[in-house]
Amino acid sequence: MAYDILLRGAKLISSDLDSVVDIGIKNGIIVEIASSINEKADVELDVQGKLVSPPFVESHIHLDSALTAGEPRWNESGTLFEGIQIWGERKQKISIDDVKKRAIATLKQQAEWGVLFVRSHADVSEQQLIALQALLEVREEVKDWITLQVVAFPQDGIYSHSGNETLLEKALEMGVDVVGGIPHYELTREDGVRSVHRIFELAQQYDRLIDIHCDEIDDDQSRFLEVVTACAIRSGMGSRVTASHTTAFGSYNNAYAFKLMGFLQQARINFIANPLINITLQGRGDNYPKRRGITRVKELWQQGLNVSFGHDCVQDPWYVLGTGNMLDVAHMGVHVCQMTGMSEINACYDMITVNGAKTLNLADNDYGVEIGKKANLIVLDVSNRYDAIRLRTAPRYVISRGNLLNRV
Ligand code: FE2
């Protein structure tokens, strides 16, 4: 049998050994991994001992606002809340075409960086649900080369405006993959708690995943993570639930954080931290000492809980930089979370690969460089995870569903 693609001399990320293998791909599937393969192939790539990794996973991005930095005005204060105001102005002028163009451009950028699985939030606080319609169309248009999950994200809150709850449910009817929320931005704590309960009800009713923007604030009294945790324990939804940001967790006192950690062990929910954005947006109200404004990534990881990293933003009102490279995210994670031990650096790499796959609840055969799985993989110009994060270079090859997307 001639293979479609044959990689020669690949160093598998799952192997601690220096030995290399050949990888045969046929009809979009990894059909053989062996120390030496004698078959012919349409495309033969000698990767010379370079690292072969499962693709990067972007577990948290807002594609609807991507590539709008400075429109209609620059975020001069740099705060989350000025960002929300600016986006409120910009979204008056969005159209389906506008959102689709920017979203696809961002996804192409990410695919070039080796990202093949993406979870994007879509703002569903706008009456026409334009961003949502656009991202649902994009999900369909890109599905042959990138997997896009869409989250119904009520940016302005579910109960802060009449009609927002209906819009959220409409988004579920329209086919979003995940239901979201923003309890710390509801008008009162009670509304925030109610919103979390409603999100769980909807997720169960429509059989969807949950990903809540949870406690994205420096307020040490913002405690919606405990509400999400309680709902996850009671519903048994555990691994189908994600708490994004949870930056207030970095400000909680240790006695409370320790108690909460015990409940998190029971709940087994996923966490997403966004180091680039968290370090930039949080701590803005502090004088000195100034907080880092990121959740307790290292401690969650040490407890064996699933943590992944996301961009959150690429060139939008909240974060004006960004290229879509997940290695930039992991690099910042190493710094901000002080994860410089070798096992910690490797863990930060896992947070943009396997842990992200777990957060997204990807199907087992979609992810991982193993025989019988779909041929989704990248070849990096380095030989280990440490150098991948240190150098942050573009992949030499990106293979999606058995197709070679790029060639550097
Ligand atoms: Fe976000």
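**From a loop to the metal site**

Mentor: Gln338 has a relative accessible area of 46% and is therefore partly exposed, a class that lies between buried, under 20%, and exposed, over 50%, as found with a 1.4 Å probe on protein chains only. Before going on, please keep in mind that this is a predicted model, in which local features need pLDDT of at least 70 and side-chain atom pairs count only at pLDDT 80 or more, while totals for chains, interfaces and linings use all residues. Residues are numbered from 1 along each chain as its sequence is written, and side-chain values use heavy atoms, with hydrogens and water left out.

Gln338 sits in the loop between α10 (326–336) and α11 (342–350), where helices (H or I, at least four residues) and strands (E, at least two) are DSSP runs numbered from the N terminus. Although Gln338 is not a glycine, its phi is positive, at about 55°. Gln48, in the loop between β4 (41–46) and β5 (51–53), also has a positive phi, near 55°, and with a relative accessible area of 54% it is exposed.

At the metal site, the iron ion has as its protein donors His60 (NE2), His62 (NE2), His213 (NE2) and Asp312 (OD), at 2.1 to 2.3 Å; donors are N, O and S atoms within 2.8 Å of the metal (3.2 Å for Na, K and Ca), and since water is not among the atoms, sites may look incomplete. His62 belongs to the loop between β6 (56–61) and α1 (80–90), whereas His213 belongs to strand β10 (residues 209–214), so this pair ties together parts that are 151 residues apart in sequence. Both of these histidines, His62 and His213, are buried.

The angles that the four donor atoms subtend around the iron ion run from 84 to 176°, which makes the arrangement irregular. That word covers anything left over once four donors with all angles between 85 and 135 degrees count as tetrahedral, and four count as square planar and six as octahedral if opposite donors are over 155 degrees apart and all others between 65 and 115. Along the chain, finally, the donors of the iron ion follow the spacing H-x1-H-x150-H-x98-D.
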